[in-house]
Each structure stands twice: as structure tokens, then as C-alpha cells.
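Welcome, and please open your viewer.

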2 protein chains.
Amino acid sequence: MPANQFSSQINGNRLLRELWINRGLSRIQLAQRLELDKSTVSLLVNPLAKAGILETISEGSASSRGGRKPLALGIRGEYTCFLGLEIQPDGIYLTLLDLRGRVKETRRIPEDLAGPGSAARLGERLLSLYWEYEARYPLMAMGAGLSGIVDTREGRIIKAMLLDIKEGCTAQELVPGGLPCPLIIENDANCCTWGELMLNREGEKENILFLLLESDYFQGRSEYRGRFSLGMGLSLGGRVHRGRQFGAGEFRSILWGGEAKSQFSLSHGDLSRLGENPAIREKLFREIGRNMAFLNNALDLDRICVGGNIEKYGEEFRSILAAELASGRSYHSREECPITLSSLGEYAVSFGAAAMLLMELFNTDQSQDRKNALQGREALENFKHKQG
Amino acid sequence: MPANQFSSQINGNRLLRELWINRGLSRIQLAQRLELDKSTVSLLVNPLAKAGILETISEGSASSRGGRKPLALGIRGEYTCFLGLEIQPDGIYLTLLDLRGRVKETRRIPEDLAGPGSAARLGERLLSLYWEYEARYPLMAMGAGLSGIVDTREGRIIKAMLLDIKEGCTAQELVPGGLPCPLIIENDANCCTWGELMLNREGEKENILFLLLESDYFQGRSEYRGRFSLGMGLSLGGRVHRGRQFGAGEFRSILWGGEAKSQFSLSHGDLSRLGENPAIREKLFREIGRNMAFLNNALDLDRICVGGNIEKYGEEFRSILAAELASGRSYHSREECPITLSSLGEYAVSFGAAAMLLMELFNTDQSQDRKNALQGREALENFKHKQG
DNA sequence: ATGGTTGGTTTAAACAATCAACCAATTATA
DNA sequence: TATAATTGGTTGATTGTTTAAACCAACCAT
């Protein structure tokens, strides 16, 4: 394979990314934005259109001074889909996205994934889900989010928080014969961050903090065991930050009281009364807010997103968090860091797991060690060849 | 200018970076590491060698099975130099680096840069320093670190902490007629982070926290006004993190007491007794350590570096910090995050300011908005043309 | 001397991107 | 209604970058 390595791949991915952000651009507009010659854009677009990855949406209207109508281009959602999963002890949450990022389906699959033998059950379920969705959609890849520390690059579970999966287990090992498509695993809070990166189609390199609150106390169901946990996901400079050993996002309050499994100054006993006792709730939320004010000062975030199953207490949490951010902020004038509540509810993680696959497609960063990742234009075209 | 945009530039920079990390590689070894054909490497290397940017260090020894001796290549330090400055209210610290990253000179220049009219004095000084060093070395660029919030991209001072420089001032505006070479400005703690990135020639994308402690109390000199301040510099994924509005690295303790200009729970009165009172010192160091344990959990750092003028208290600080990191660490087993004391002493910032220029030369990341930055191979060759 | 081995150069070919010229389609105007 | 002006998109010649293959250069062992 002679000739250039990067250029074509990079420009192909840049083009896809640009069309992802701005659906409906014409070849000429793409050329301007990507700083390429219009003929170069044509040479990139036409094979992609022929392969079914891009489509002509509509004819635009000509300029008032005459001229041919521009042809609005867009990514063709039907080309392929991505299956995103969240693996919980009591079941799997599922979100199916198409290539345009549209949600085709969400679903919750109850299953006991906590007890002994759960790893085998999970493997079987992953395989059956693949075939079930493969029959209905062209399925390019699967992503799974779970609570724990995950080596996304190698696809290895370093530490699983709640599931009975042996540590050091790789994603492909979960499924005995292997899956017929790539399976990327990721920490659950990081998945949510991927989701937020996808939902913001500005194309800016955002600095996002995602706060994933998981609680049984709010919901009243404590089937396996009670817990309240806070996981953090970080996007820094538009890239999900995983840290040295994929351990980034671990939260333990600075005001931590010393109780072994708690993350906060509050005891387990206190936490168990969260639902009924507003004072305890406020103390907890204020403590989290105080820690996040510190983090916001240190990282200068674009925004903070809140998700997980905090249900009706979301707004309460948000207002306390905002107050703490304001009072803890360093003295220099800085724009307020906006706080948003995730609209995805309990599907935030599974949505993000699929979003991660999509976003990595458009990644133009070659310099990294992401040989395992799906590589934009190339991956898409290879997929077609595999299918056809 | 027809034809490819990226490839040559990227591969040229990758080659320079590889030789930066591993001085003495031969063309063949470079080809293997960069995954390029050996002929491609020759075509890249030979013009660089002819221009004086690379040199043949030595003939290696041939393999035991025969064959020609490899020619060890290296970056030629004499080709050009970089001037790094730290701008303080009472003077300028200076470090001169050559293209190999060797320190050619360090120097402190006393000057009153705090009072009214200091901006003009600074401008004159920058210009005179340029001509002074330009006469002795081929000077490619200057970098300046200062306490405050700096828009490195636009070269604009958003907030100067101590200097009498009007905010919104650009680097080039400081010097009335403009400087004959690029002047890049950066936050002081970020400079230190650049320095650490340069000193570690592993080429890994490190996650570093640099703690820049600045104090007059330890030194006993309080010429303009007493202060103890902590600035943070972050490298995340090998890139200096600046945040949304270049405000990253601001420190305010979670245990902050409410006093306006303090960063800590301790009052100004307490802080003024740091030098004499070990108990206050321990309380301060422990408080910093506690905050950093939180940050380390959140970011999963590779290492923490400590610098600035804490003088003889460095080891004391380090041990307390280590203890707090250990006790605050989340429960899962994680390798200890090593803490190192900067060996550069009071020249850490100026060293880093020059290091930043060097490191940006080797940057292969095209996707960013760093049109202002010096661009590796191209910048080096243009420099020669300007000189010759 | 000879053959085998390794480092580095030369040359032709492949490919990606550009520029310039062209076609296609539309508006304004004579 | 013909015509010019304008804009969107395609085609063909040209150029820069990389590769593969053949070559030269230098070294070892026998």
C-alpha cells in the first residue's frame, strides 16, 4: 500500500466529523470549513456517497445572484448502528444508536448479574443481543459501560465494583467463542461523558465534568444491597480523561470521615435516611458541591452535567451545587460554570456507551495508541465490504 | 502550494520528536519506530542534516553478522536557542536552552516591575535581552512565564497577579515596536509543567500535577508585600491543561476559611509565621496534601512535582503530602503516585518557559487551533532561511 | 576473494491533493 | 427569449509525499 498514510484518513474523518456537526453542508461549504480544495472534497464525498455512508439530503436554494443549487449532504443513518449497554447487577440497560446518532431503541433487560456464574450469563446475553439486533440492523460495534475500573485500550476489566466478573478479564473473554463484532468496554461515568460530548455538536474541545449519582435509597429498592455512590467522568480538551491506570474519576470527599466504604463525611447510617431526611440530603449535596467547586477551580470547566438515578432530587442538587460553586470560586471574575441535568435518565450510561463508538469514529487524532479503536472512514468502508 | 498538507509536516515532526527522545538512532531505527520506509526517513533526514538541524553523531558498530555501520543521528543543539523568562515584580529570571534542551545559561536580572510604568520598563528589557542574546546565539523564540491568567493562544494577559501590566495586554503590545522574534507567554505554573514534560524524555503522555509554591515568608524578604501562594499546573494526557478560559490551576482549599485573599483555612496572620512556627507549617502542608489527595483520586496522576521557593522545607512538605495522599486514597489498590522535588530551584519557571517552546516544536497534533505556535520542521527551516 | 548481511541511496510508480479549465444550473438583464 | 454573470460541482494535468525494489557501501566470516 504505497503513498500517504495520514492525509486521506485524516481528511476523510475530518469530513465525516464536519458533517456530523453540521448536517446539510454542501461540498463547497465543506471545502471552506476544512480548508481543502473543492475538488478534493468531491473526491472524498463521492465514494462515501456511493458506499451509502453519505447521502444527498436536498437541493438547497441558489444564491440570489444566480448559480447552481448546492446539494446538501448528510450522514446516512441507515448505513449502520451501534449498540450501547450498561451492565448493572440486576440487569442490562440498552440503547441503540444509528450512524446519525438517533436513538432507535431503548430497553431494560432484567437479569441477575451479581451472583456466582454471572460472568457466563453476561457472556451469553451479549451474544444473544448481538444476533437479535444484527438481524434487524447492520450492527457495527457494541459498547458496554460498567461500574469499575476499565482498561478501555486493552478491553480489560481491572476492577469491577459490583458485578461478579473476575478482575483482569477481557471483553472478548466474556463471550466464549468471541463476538462477531468489536466490543468496547468503558467505565460508566466515562460513558456518560461520551454521551455529553456527542450531544453537544459544537465540535469544541469541551471540559466537562459528569457527576453520576447512583442510589438505591432514593428509589426505595434495595434488592441486592443499599448504596449511594458518586462517580465522576471527565472530558478535558474534548477527550475523555482516564488517567494513568484508568483510575480517574474516583471520588472521595476531602471531608471524608474515615468510614471504610463511604465516600463522604456522612456515615452509612446517615446515608440510608437520604430519602426521608432533607437535612441529611442537604448536607450531602453541599459536601459534594464543595468538592466540585475545588475541582472547577482547578480545571476551569465548561460545564458540569448531573445524571444517574437521583430522580426528583435533581433540581435540589443542582441549586445547592450552583451555590457552592459560586461561593467557592476564586476571586477573579470568571463566567459561571453552567450545570445541566442529563435528560437521558437511567439510559445515560448505555446511551454514552454507544455514543463513545460513534465519537471515536470521527476522531482525527492519529498520534495515539488507539490501534484497537474504529477508525472513521476506513472502518466504515471495511464494514461495508464485510457485509456485502 | 499544491499537494499534501499534513503528511510531510507530521512525519517531519514525529522524526524530530523521536530523535529528541532517543538521541543517536540511525535512519533504519527511525524507520522502524515511526513505521515508515527507510527511504522515506532518508528523504526526511538528509535535508534536515544539510540545513544543520540534525547531525551525525558517530558511527555505531556493525552487527556481528556483518553489514555496514549505522550512523547515529542527533538534533544539533547549535542550530538555535530559546530564551525562557520568568517575570517577577522584583526582576526577571532567565534560562537559555539550545535545540538539544541543554541549559546554556541561567541568570537573574533585578528590576522593579511592580510600580507604575513597569509595563514600559518590561518592554524595553525584553527588547534589550533579545538583542543581547541574539548577538551570541541564533535565537528562535522567547517564552515568558508570569503569575496570572494568560491566553497563550492569543498571547494576551487576562489577569496579572502581581505585575503592573494592564489586563488584556498582548505580548507584542508590551514591546512598542514589536519583537523581532515570536514571544509566547504562559502562566508560571504551566511553564513548570512544560519543564517537567521536557525533562521526562520517555515520550509518554504523562499526567502531571506541578505544585508551584511561592513564598516570601520562608525567605525573609518581603520587599513589596508578603504572600504565600500555591499555583497548580496540570499535564493531562501529555498536554498542558489550560481550561475553558485559561483559568485552570487556580487553587482554593476546600477547607478555606473565608478570608478574602487567602487560599487556605489559615489566616494571613497565621501564614506570616510560617518560617518560625512548625505547627502552622504542618497544618498548611497537611491541608494542601488533603486537597491534592482528592485531586489525585479524581485525575489518577502519574506523578506530582513540587517547585518554587520553599527552600529547606521541601522535604518536609513532600513527606506530609505523601502521607495525605496515602490516607486519602480510594480503597482499591493503586500504585503510589510518586512525588518529586524540582531540581531547578528558582529557575523552574524560566526553564519551563523555554521548554514550552521546544516541546511545541515537536508537537504533531495538527487538529488544534495553534496557528500561532511554532510548527516543528517547517519553523526550523524557515528560521534558517530568515537567518541565512 | 567470496558470499552473506546490514545501512543507506536512487529510481520508478502510486496516490492524494492542488490548480485550472470545464460543465451544469440558476438569476438578472438586455 | 437570448445572453451574461454567478455559483456548484466535475474532470484532467501537475506536484508533493510515500513506497517498493533495485542498487551501492561497508562490514563480517570463511
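A crossing of two helices is called left-handed if the near helix is turned anticlockwise from the far one by less than a right angle, and right-handed if it is turned clockwise. Keep that in mind for the first two stops, and remember that you are looking at a predicted model.

**Stop 1: two helices in chain A**

Select residues 188–199 of chain A, which are helix 6, and residues 348–361 of chain A, which are helix 10. Their axes lie 7 Å apart and the helices pack at an angle of about 65 degrees. Is this crossing left-handed or right-handed? Helix 6 of chain A and helix 10 of chain A make a left-handed crossing.

Now show the side chains where they touch. On helix 6 of chain A the contact residues include A:Cys191, A:Trp194 and A:Leu197, and on helix 10 of chain A they include A:Phe351, A:Ala355 and A:Met359. Colour this contact by residue type and you will find 13 nonpolar, 3 polar and 1 charged.

**Stop 2: two helices in chain B**

Move to chain B and select helix 1 (residues 7–21) and helix 2 (residues 27–34). Here the axes come within 11 Å and cross at roughly 115 degrees. Helix 1 of chain B passes helix 2 of chain B in a right-handed crossing. B:Asn11, B:Arg14, B:Leu15 and B:Glu18 of helix 1 meet B:Leu30, B:Arg33 and B:Leu34 of helix 2. Sorted by type, the residues of this contact are 3 nonpolar, 1 polar and 3 charged.

**Stop 3: a buried strand in chain B**

Stay in chain B and select residues 139–146, strand 6. How many of the 8 residues of this strand are buried? The count is 8 of the 8, so strand 6 of chain B is largely enclosed by the rest of the structure.

- Strand 3 of chain B (residues 81–88) runs parallel to strand 6 of chain B, with 7 bridges between them.
- Strand 10 of chain B (residues 183–187) is also parallel to strand 6 of chain B and is joined to it by 5 bridges.

Click on B:Ala144 in strand 6 of chain B: B:Leu85 is its bridge partner, and B:Ile185 in strand 10 of chain B stands opposite B:Ala144.

**Stop 4: an open sheet in chain A**

Back in chain A, look for the open sheet of 5 strands in the order 13-12-11-14-15, with mixed pairing. Strand 13 (239–240) and strand 15 (339–341) of chain A are at the edges with a single partner strand each, so one side of each has no neighbour in the sheet. Then select strand 11 of chain A (residues 208–215), which pairs with strand 12 of chain A in the antiparallel sense over 8 bridges. To see one bridge, pick A:Phe210 and its partner A:Gly233 in strand 12 of chain A.

**Stop 5: where the chains meet**

Finally, show both chains. The contact takes 41 residues from chain A and 41 residues from chain B. On the chain A side, helix 1 (7–21), strand 12 (228–236) and helix 8 (278–299) each supply at least two residues. Helix 8 of chain A gives the most, with 7 residues. The side of chain A that touches chain B has 13 nonpolar, 17 polar and 11 charged residues.

How is chain A laid on chain B? A turn of 180 degrees with a shift of 0.0 Å along the axis does it, with an RMSD of 0.1 Å. This is the relation of a two-fold axis. To find the axis, select A:Ser7, the residue of chain A that comes closest to it, at 2.9 Å (C-alpha). Of the interface residues of chain A, 100% are also interface residues in chain B, so the copies meet through the same surface.

Definitions and conventions: Residues are numbered from 1 along each chain as its sequence is written. Chains are lettered from A and ligands numbered from 1 in the order in which they are written. This is a predicted model: local features need pLDDT of at least 70, side-chain atom pairs count only at pLDDT 80 or more; totals for chains, interfaces and linings use all residues. Axes are lines fitted to C-alpha atoms, for helices over the stretch in contact, and angles run from 0 to 180 degrees between N-to-C directions. Helices (H or I, at least four residues) and strands (E, at least two) are DSSP runs, numbered from the N terminus. Two residues are in contact if their C-beta atoms, placed from the backbone, lie within 7 Å. Ala, Val, Leu, Ile, Met, Phe, Trp, Tyr, Cys and Pro count as nonpolar, Asp, Glu, Lys and Arg as charged, and the others, Gly among them, as polar. Two strands pair if DSSP finds at least two bridges between them. Copies are superposed by least squares on the C-alpha atoms of residues with pLDDT of at least 70 in both. A residue is buried if 20 or more other C-beta atoms lie within 10 Å of its own, exposed if 12 or fewer, and partly exposed in between; C-beta atoms are placed from the backbone.
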